[in-house]
Structures are given as C-alpha cells and as structure tokens.
Amino acid sequence: MQKSAPFTEITRTVDLSAETHGQRAKCIQRLIRLDMPVPHTVALSFETVHGIAAGQVIDTRPLLGSFGADSLVSVRPSPAMQEWGGPTAMLDVGMNDTMLLTLSETIGAEAARALYLRFVQAYAVEVARLDPELFEPTEPTRDALVQSLEIYEEEMDEPFPQDPADQLAAVLKSMARAWEGTSARLLRQAKGAPPDAGLGLVVQRMALGMGAAESGSGVIQFVSSETGLAQITGRYLSQSQGRDALAHRAEALYLSRDSRGPSLEDACPEAFAELRAFGDVLRTGLREEMQIEFALDAGKLSVLDAVRVPRAPRAAVRIAVALAESGVISKEDAILRIEPRTLPELLHRQVAFDAQRDPIAKGMAASPGAATGQLVFSATAAQACAAQETPCILVRPETSPEDIRGMHAASGVLTEKGGMTSHAAVIARGLGKPCVVGTRDITLDLRAKTLTTRDGRVFAEGDTVTLDGTAGACLAGAPRLMEPALDGSFRTLMAWADQARDIGIRANADTPADAETARRFDAEGIGLCRTEHMFFDEDRLTVMHEMIFAETGEARGAALERLLPMQREDFVDLFEIMRGKPVCIRLFDPPLHEFLPTSREGIWNLAEALDLPVSTVTHRIEALSEYNPMLGMRGVRLGIAIPEIYEMQARAIFEATVDVSLKGAIVTPEIMLPLVSARREVELLKTNIDAVAAAVRNERGTRFGFRLGVMVETPRAALKAGEIAEITDFLSFGTNDLTQMTYGLSRDDAGRFMGTYVQQGVFAEDPFHTLDADGVGELLNIAAERGRAVKPDLTLSICGEHGGDPDSIDFCRKAGFSYVSCSPFRVPVARMAAAHLALTDAPVEKKPRRFNLLGRVLRSGS
C-alpha cells in the first residue's frame, strides 16, 4: 500500500480538506485561489503529524527545498476547528549564524540580530523545553545573542542547532507531541473537540516585514468585534530599516487616519488600499467577515492568513444580517450562524470584554445578564434600596417565596445553595435579572451582614459588587457594562427565524411586566401564568393570612371576596397586554405554609395584624407544616380540600374575560389544574369551574368560552393521560416537578452533587437543565400517544424551564408537541433554537398550533 506524501504544497489546483489538513490550511488554499499574495506554503496532514508524534521521522530537506535557498519559515497549527487552539506557532525557523550574516547585509545587523535572538529564545522554551526565565526578552544586542546561545549550549550540552532541516524536524516533533499531550487534549475537549481530534501543520515562507521602505506586520478587520458595525480596526507594527526591530519596541501605527496617532493609511496608502480591496474580496469569496494577517516588506504586501473576525454575540447578529441583506449569504444561513445559547447576551446588560475582573464568588449561571449594586442580605433591605432608587444585589443562603418582593427590588440575586431550577433561578429568569446560585466558596453571616470569600476577603452590606449571571460569577467593584442590543438587526433575524420554525413558542408570565416582556419578544401567548405569585404583595398577603386562619368556609369565602377584584384586575391586565393571544392560567399551586412567616418577629407581627394570640398563630403554622410539603397538600389537592380558592380564581378569570371582551378583544382563557394525578380530581374541579362559568354568564348576560387543561407533573398523570384527555382540552407538562418526581431528586438540592454525577457519566446532562429524553421523555411520549389516541387534536406543550433549552425543544418537535413555553427572556432563544432545528432536521409532522375558538366556545356550553 503506497503511503501518502508527508507534505503538500498549497497551490490553486491542490484540493485540501479541513477534515484532513485543518482549517488554517484550507483557508490559505482559498486565499491563493482568490489571487491573494500568499507566501509559498506547505501543509502537513493530520495523519503525518500523528505519525511524527508517534516517533516517525520525515526528511525535512525536500520540504525546505521547496522554499528555495536562504528562506526562513514559520510553522503554525491547523486544527479542524480554529476554536480548538493548538501549540504555539514558531517563527523564523532556519535562522542561524550564516543567515545572520546574510540578513545583516539586507535588513541591517540590528534587525537580523533581533530575529536570531527571538528565534533562539522561542526555540529554547517551546522546543527544547528549557526554563523560560533563562530566556526572558532582552534588547537585541550582540552580547544578548551570544549569552542566549551560550545558555542554550550549557543547558543542552550541545550547541544551538545550525542546520535548518534539523531545526524544522525538531519544531514539527515538538508541536505534534504538544498537541497529543494529556493537558492539551483535555483543554480542547472542553472547547468541544473530540478526543481523537487531529492536528495539521502549515509551513510558510516568512515575510519578515523589514526593509528599506515601509515594512512591518499586523492584522486588519473591517467590522467591530464588539458591535459588528463597519469599522477598520486592528494593529500594525512598523519595523522599517532604522527602527528597533523587536516587536515590543516597534512603533505601533493605527490602521486608519480616522484613529488617533500615526496611520498606516498615510505611511503606505497603496498597501492600505490593497487591504481594503482584499477585505471586500474575502467577504464575497469566503462569505464571511475576515481578519487579515499581513506583512509589508519594503512596501510589498503579503497576506499570511485570514481568520473569521472574533465577535461578541451582538456583533455576530449584525454581521450575519448584513451579509444576508447584501446577498452574500441566505437568510437561512444567517439564522444558522447564530448559536441560540448566545442570544441572552443581547437581551441583558453584560460585563464588557475589556473590563477588569476581580471575582469573589463562582457558581452556576442561573440567569444571564450583569448588574452592579450594593450588597444586601434581606428582602427588606433590598426594598429599602429600591425606595431610594439605589441598585442592590440580594444575597441569600437560598430564596423562598418570602423573598420575592426583595427579588423584584434587587438588580440581581446571589445564593449559596440551589441549582438551575431552584426558586431563585426560576424567579430570576422570569424577572430577567442576573442570578448566580450554588456559590459554595463563600460564607454568609446574616447577623453581621457580611460575605466572606475563600481567600478571606470580607464584604459588608453596602459594598459595591457586580453580578455576572452570564458567566456565573460575582465581581468586586463596578466594571464597565454593555447595554442590551435589541436593535433592527436582532429583530430582522428573529423575524427570519419565525418564518423557519415549525413549533409554537409561548412565555411563562405571572405579572403584567412579564407579559409586556413576552409581548416585546414576540411570544405567541402565555403558556404558564403562576397565579400564586400575585398574592405576595403586601396588601394581598394580609388577606391571604386572614383566609388561611379562617375557621369556616364562609369565613374563607369572605376573605377571598376581598381578593377577587385584585385577581380580576390581574387577569384584565394580562388579557389586554396579550391582545387576543392565548393566556394559560394555572390555578393556585403551592402549600399554604409558604405564605406564613417562620421567624419569631414575623410570627409576632402576624399575630398583631390578625389580633390573635401568638400561641394561636404558632399552633396554626405548626398545623400546616408538612414533612414533605412539595408532595403534600398543594395543587388540585388544595383546590378540592378548600374549593373556595379555585372558585374565586375561576370567577376572576371569567369576569376579566367578559370585561376585556366587551372592549372588542377576543379572549378565550385557558385554565390549568396543577399537580393532577387522577381523572376524578379533574372531574370534581371541572364541575365547580363549569358552575362558576354558568353563574358569570347568567349574571353578565354574555357568552364566553374557555379551555380546561391539566399540568402533567406526576408520573401517574402521564401514564393516565388517555383518561384525563377525555375531559380536557390540553396537557401541559410541568417538566420541573415531573423530573423531580421521576428521579426522586430535589431540584433545589441536586446541585450539591449533580456536577459530580455528570462528570462521572451517571447522567449525560443535568436533567433539570436539559430534558431527560430517555426517562422523563418516555413519560412524555407515553402521555402524548395515549392522550392523542382519544383526542387527536389534543394540544400538547411543556411549560417547565426546559421550554427554553434547545435540546429539549428538539425533543418536543419530534414528539409532535404544539408549543413550548419558557421564561420571557428565554423566548428569543427558543425561537432561534426552533428555527435551527427546522432548518437542519428532517421535517416533522406538523400538529395544529392554533385551536378552533368557535369549537371551544361551543364545548364550554355557552
């Protein structure tokens, strides 16, 4: 079997592949085909480099012979993906005593000496693996060069290699082995590379960037990496004859006269014009904004390489849209170029790229964005800051419903405990505020109101910090923040994504502010409105306490009668904001104890407000306590045991429906029953709700319809979906609780060991972050199949936090779900992910995404 050649000269006719020679080699080939002035280049394949690492020896003389005599070369890594990195590039290979004399005559002794010294220092550290401290950069004097050569000989027991072929062979071997080392492999795997990822190497004639006329080297790009706007940026180091040739001493010129300082545009206008023309050629030829690496040798321009312009997510969106609008790429290509998970960085403030970071805590990035404010350690303190219009960061061991008002008031939330679906994470995502949870490297002292870091620093209440929810970190001080980027390019791209996707996207919204956000992000409706969050306002909480302490149904009804107009106005606001889009309202879900205080001061204040003895209040709180409240009297169990609550909520929904309908809007509310386990539960509550609907129709003299559905959160509900679907219009899967119950895991506590489980392969992903397709997903598939077997037009959706996860959306599409619902600020992510899936996957059978309003009105008995 004939072995392939160890190297390939890159020419217009040769056909290289990124899968065999790497992305850099492929790009250089394209530059040559676009008639760029690329120096002679040779590529080594993955196979050849792997062989070198394994000990195979290749004859480098034929390789060097292709460059001609007296040529210096560079060696650069060429992995399949540029983002995977690679070993450090080696420049000036071939520099030796003879070349020093030759170059001294052409570029000057000082410049030649600088090249030789630079090469000796790099070779000693990167190839011979000598101590870097022995070869610190110095002035390019004759003594410095002699000293470096002597140190090398002393450390290696042999002179510095003078044969260019030997130098090149050693460089190739060093870079090949560096790529296959354990630390390098783990590092690139963290960036998404497979364990067996190959490395190519590119050997290129050096363009020295030195000469009698204008000479130097640099990079140039034509759009801003931060904004994506047209802007010439980069760097150019002039190293012309008579100037110091060391890079750190060279004169830095700006690329354009528009910038402050010396200008390449003035120093060498012909080269500057060529570079601008090359940028246009690359934009159309490679269909991308490219950063060009170049060199000038006495005014002669060489293009050494070109890479995709590094870019922030906001710049990536603007670049993709601009390329599509100019016809360089298609709209579909523009969509696919934007990773859905990067969109949150456009929706929120972010810590700037160039900002100095001083991290004091690290945890899970539970809700993206960045905010600066004063540290506070209680919801009360957060509200006090809000009253004074002072931004603050709320820090808690973990949050509970009692902290919701403080979370609304704070600019961000930091907790010691919790995971991606903990109370703090879910509420913060809904509010669109940065949140970091599970920061176990800090110690809180709530009494002293201090936060102590692992390195012993102490931060007190009032100290300024910045929460980076995107990176999962808390930073000391106030680094520069970038504002959101919801500009025309973003909206254009999202409109294209909506044209491509084939599954509906709704938002979880509990308040008018949430609904406004959902509307702003073009959600197709509200898929989950958690009504209990409406009861934590101060004026309503007092009435809730009266209802909880009521001894009879009549007394409870009287208390709830006071809540009715408040709840009705909540729903009026939601219906008006959504303007005819569907609104799915989940009836009251949490156990009642969540509305009661736990501290001694809180109990005393409640007793005073209710004019009851502290002992009576304490006894009632103890009576409502449960060993496992999340599996206790909550959801439909509460609705059946205390029917007055659901009856009040149903009346509020129906009266709001009538009020908004009379203004000309089309309103068909969806009522969802939480924590269902049996058909009989639905029958009992459906009877009560239908009776309330009939009463409101008679009282108001008008007709209206509604849809009744179930939130599938228990495995039994999923298994009995066929029975339940017979008397419901939709099934919406609450995947947070369903995952919790299927696994027997606490979603608030699993963060303590979930990282270890994922790392050791017990779970492929955190099941609270990405839907478990094999386990929980099987329950969803069973429920979908059994539900649609009895009702083919049954609406199916998920409304847990998985609704904003791209992998979970993929599952829902393939399962034929009607829509997914997620936090308002995750709606753009879900829309983009759905578009990606529709463009890259085989078409899935489309289920009805809308429903027949007239049919539902008739079904509801109006």
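Modeller: A residue counts as buried under 20% relative accessible area, as exposed over 50%, and as partly exposed in between. The model is predicted.

Biologist: Is Lys686 buried, exposed or partly exposed?

Modeller: Lys686 sits in helix 26, residues 679-700. Its relative accessible area is 21%. Buried requires a value under 20% and exposed one over 50%, so Lys686 is partly exposed.

Biologist: How far apart in space are Lys686 and Leu673, C-alpha to C-alpha?

Modeller: In sequence, Lys686 and Leu673 are 13 residues apart. Their C-alpha to C-alpha distance is 9.4 Å.

Biologist: What span should helix 21 have at 1.5 Å a residue, and what is the distance between its end C-alpha atoms?

Modeller: Helix 21 covers residues 553-578, which is 26 residues. The expected span is 1.5 Å times one less than the number of residues, so helix 21 should span 38 Å. That agrees with the distance between its end C-alpha atoms, which is 35 Å.

Biologist: Where in helix 21 does the kink lie?

Modeller: The kink is of about 35°.

Biologist: Which residue just after helix 21 takes a positive phi?

Modeller: The phi in question is about 50°. The residue that takes it, just after helix 21, is Arg579.

Biologist: Which residues touch the most other members of the largest nonpolar core?

Modeller: That core has 129 residues. Leaving aside neighbours within four places in sequence, one of its residues, Phe654, is in contact with Ile671, Ile689, Val692, Ala693, Val696, Phe704 and Phe706. The residues touching the most other members are Phe654 and Phe733.

Biologist: How many residues are in the second, separate core?

Modeller: Its members include Leu72, Ala128, Ala144 and Ala193. The number of residues in this second core is 57.

Biologist: What percentage of contacts between residues at least 6 apart in sequence join residues at least 24 apart?

Modeller: The chain has 34 helices and 31 strands, and its C-alpha atoms fill a box of roughly 105 × 60 × 55 Å along the principal axes. Of its 862 residues, 55% count as buried. For the contacts you ask about, the value is 68%.

Definitions and conventions. Residues are numbered from 1 along each chain as its sequence is written. This is a predicted model: local features need pLDDT of at least 70, side-chain atom pairs count only at pLDDT 80 or more; totals for chains, interfaces and linings use all residues. Side-chain values use heavy atoms; hydrogens and water are left out. Helices (H or I, at least four residues) and strands (E, at least two) are DSSP runs, numbered from the N terminus. The bend at a residue is the angle between axes fitted to the seven residues ending there and the seven starting there. A nonpolar core is a set of buried Ala, Val, Leu, Ile, Met, Phe, Trp, Tyr and Cys residues joined through side-chain atoms within 4.5 Å. Buried means under 20% relative accessible area, exposed over 50%, partly exposed in between (1.4 Å probe, protein chains only). Contact means heavy atoms within 4.5 Å.
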